[in-house]
Amino acid sequence: MAAIPAEDGFFMWADWFLASPQALLAVVASTAAMYAAVLIFARSAGVRSFAEMSAFDIAVTIGIGSTMATTIAAKTPALLQGVLAVLMLYALQLGVSRWRSRSRAAETAVDNTPILLMTHGGRMLPENMRVARVTEDDLRCQLRNANVLDHRNVQAVVMEGTGRINVLHSHAEPTADDIWVLQNVRDYSAG
């Protein structure tokens, strides 16, 4: 195998770690432009654009971040293509959120349904935990995070459709009004 001449090897390494002043200026300009575009689109779309209330919201957030990174750091896609892609992601998020608010079928199609992992008195629901792929150690971690020392004070632990786990705990007995919060939560152990 032929050896790479020293100057060719140097330029190969230099291409990997260094950039021309023009390339650096392009990164600065595209970063500022993408930042401004996302700020304008987010302000236009409203607070909902930052919410991670559904799986679709999370997908849009990841898509926006990925589009920004690619547009900022690479020649392709061009800046205008990146801005248009981000605009389309915001428009899709707005459209889907409006569709979800008007149609239960749309909400069911787009959202993951929450799953009950632990019920009143801190009773674990192994079948639900298996479906959600959550272990006892995962639950203990979430209980500690929610400052629960006595698992018997747990009213419910719910894995939301976004993957976030919420712990509801109290010393009081749950009332009929409290059950409203758990209305759309799946419980596979109920049969």
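Two strands are said to pair if DSSP finds at least two bridges between them. In this predicted model, strand β1 (residues 115–119) meets that condition with strand β3 (residues 154–159), for 3 bridges join β1 to β3 and the two run antiparallel.

How enclosed is β1 by the rest of the structure? Buried means under 20% relative accessible area, and 5 of the 5 residues of β1 are buried, so the strand is largely enclosed by the rest of the structure.

The largest pocket holds about 340 Å³ of space. It is lined by 15 residues, with Glu107, Asp111, Asn112, Pro114 and Asn184 closest to its centre. Helix α5 (residues 104–110) gives the most to this lining, namely 3 residues. By class, the lining of the largest pocket comprises 7 polar, 6 charged and 2 nonpolar residues.

The second largest pocket contains about 260 Å³ of space. Its lining also numbers 15 residues, and nearest the centre lie Ala23, Ala26, Val27, Ala74 and Lys75. Helices α2 (21–45) and α3 (55–73) each supply at least two lining residues, and the largest share, 6 residues, comes from α2. In this second pocket the lining has 11 nonpolar, 3 polar and 1 charged residues.

How values were computed: Residues numbered from 1 in each chain as written. Predicted model: local features only at pLDDT ≥ 70, side-chain atom pairs only at ≥ 80, totals over all residues. Heavy atoms only, no water. 1 Å grid on protein atoms, 1.4 Å probe; cavity = no way out; pocket = protein on both sides within 12 Å on 5 of 7 lines; lining within 4 Å. Points joined across faces, edges and corners; volume = space filled by probe spheres on them. Helix = DSSP H or I, 4+ residues; strand = E, 2+ residues; numbered from the N terminus. Nonpolar A, V, L, I, M, F, W, Y, C, P; charged D, E, K, R; others polar. Buried < 20%, exposed > 50% of the residue type's maximum accessible area, 1.4 Å probe, protein only.
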